[in-house]
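Please look over the sequence and the model shown below before reading on.

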Amino acid sequence: MKKVGLALSGGGASGLAHIGVLKVLEDNDIKVDVVSGVSFGALIGGLYSAGYSAYEIENIAKNIDWGRLLDFTLPVNSFIRGRRFENTIRKLIGNKSFKELDKKFSVVAANLDKGGEVVFEEGDVASAIRASIAIPGLIAAKRIGKNRYVDGSLVDPTGIMPLKRKCRILIAVSLCAPFEKNIKMIKSGKGESEFKSLVSNNVVGNSVRLFKRAVKENQFQRVPKIFLKTVETILDRLLTPSRLMNLLSGGISPGMVETVLRSYQISMNRLHNLNLEIGKPDVVITPEHKYLGWVEFDKIDEFILAGEKAARKEIKKIKRLL
């Protein structure tokens with residue numbers, strides 16, 4: 001049995017806090033033997049398992065143009081294709097299989113066709129990570145073989161379960177904020193960051209214009225013209241880049257969207273807490289990121305600092321367990 005296992009949870013941009021945790025572990029000479037990751041945690045965990053140091057991952061995160069990774073498309077099945085994400089992952093990790101990694105690594109995803117949890121521990125690493133970050137409705141599902149896979153947070157937001165019997169000491173990094181804090185973010189939005197503004201004006205704006213043009217030019221077959229005319233009118237009045245970005249990021253939300261986000265958050269929080277109870281990690285590191293949202297990729301330093309602070313609080317306990 002391996003000695004130290006590290007489970008990296010999902011959380012969008014807040015997953016950048018994992019980098020801060022890794023930095024503190026490295027600074028204290030704590031060697032991690034096995035890693036699991038879900039959603040954004042799968043990305044950070046994959047880089048770490050492929051041999052990148054925490055400081056190298058920090059440098060990568062600060063030099064990625066996160067806005068350019070969002071390849072928006074006509075919102076039929078999703079808003080984002082996800083090809084640029086996968087291409088970037090592949091540039092960093094290559095076409096490595098799990099057995100070629102420096103550390104034992106597990107990626108959690110959800111099987112969209114059969115239902116249930118899938119843990120990738122063999123095959124192509126980049127494809128598995130891409131599958132785990134596919135937020136349903138936002139980023140297109142990843143097809144691997146005959147099945148489609150989506151965000152692993154739907155089945156295990158913690159990433160703990162794959163490591164339960166593989167290590168003597170289990171460290172979990174939890175990015176699941178308390179329900180009340182998430183709801184405050186959903187309702188307030190806390191202003192628009194530079195990243196959100198960039199995506200709203202340039203990337204989302206292009207997607208909205210493309211979709212509106214497709215409707216206006218009747219590119220959708222078998223759809224009555226009178227229906228398309230009605231849709232065109234609604235889009236012109238309601239679908240603006242800033243409004244769409246607010247919906248995607250959990251900004252100022254109308255009643256229906258807020259209800260959906262609240263419901264999703266209730267489900268995620270309960271599943272997260274249940275997995276912590278079942279998995280019983282020896283140490284839980286919980287970065288506090290206040291009102292930073294899951295798309296605030298221009299707040300890298302703040303997220304990383306939050307990870308560092310949280311890890312330092314638990315470092316004595318980790319050393320006692322070694």
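Predicted model: local features only at pLDDT ≥ 70, side-chain atom pairs only at ≥ 80, totals over all residues.

Residues are numbered from 1 along each chain as its sequence is written, and side-chain values use heavy atoms, with hydrogens and water left out.

The chain has 11 helices and 8 strands, where helices (H or I, at least four residues) and strands (E, at least two) are DSSP runs numbered from the N terminus. Of its 322 residues, 53% count as buried; here buried means under 20% relative accessible area, exposed means over 50%, and partly exposed lies in between, with a 1.4 Å probe and protein chains only. The accessible surface of the chain comes to about 15800 Å², and 52% of that belongs to carbon and sulfur atoms; such areas come from the Shrake-Rupley method with a 1.4 Å probe, and for residues only the protein chains shown count as cover. Among contacts (heavy atoms within 4.5 Å) between residues at least 6 apart in sequence, 77% join residues at least 24 apart.

Another buried position is Ser49, with a relative accessible area of 0%, which lies in helix α2 (residues 40–49). Leaving aside neighbours within four places in sequence, Ser49 is in contact with Val35, Leu101, Asp102, Lys103, Lys104 and Phe105.

Which residues come together around Glu308? Glu308 lies in helix α11 (residues 300–321) and is buried, with a relative accessible area of 11%. Apart from neighbours within four places in sequence, Glu308 is in contact with Gly20, Val21, Lys23 and Val24. The C-alpha atoms of Glu308 and His18 are separated by 8.5 Å, although the two are 290 residues apart along the chain.

The charged pairs come next. Side chains of opposite charge can pair when their charged atoms come close. A search of the whole structure finds 11 salt bridges, each being a side-chain nitrogen of Lys or Arg within 4 Å of a carboxyl oxygen of Asp or Glu. In one of them the side chains of Lys23 and Glu58 meet at 3.2 Å, N to O. Lys23 lies in helix α1 (residues 17–27) and Glu58 in helix α3, so the pair ties together parts that are 35 residues apart in sequence. Both Lys23 and Glu58 are buried.

Arg148 forms a salt bridge with Asp113, with the closest N and O atoms 2.7 Å apart. Since Arg148 lies in strand β6 (residues 147–151) and Asp113 in the loop between β3 (104–111) and β4 (117–120), this pair ties together parts that are 35 residues apart in sequence. Arg148 counts as partly exposed at 32% relative accessibility, and Asp113 is partly exposed at 36%. A further salt bridge joins Lys166 and Glu121, whose closest N and O atoms are 2.0 Å apart. This pair links distant parts of the chain, with Lys166 in the loop between β6 and β7 (167–173) and Glu121 in the loop between β4 and α5, 45 residues apart. Salt bridges that share partners also join Lys23, Glu58, Lys62, Asp301, Glu308 and Arg312 into one network.
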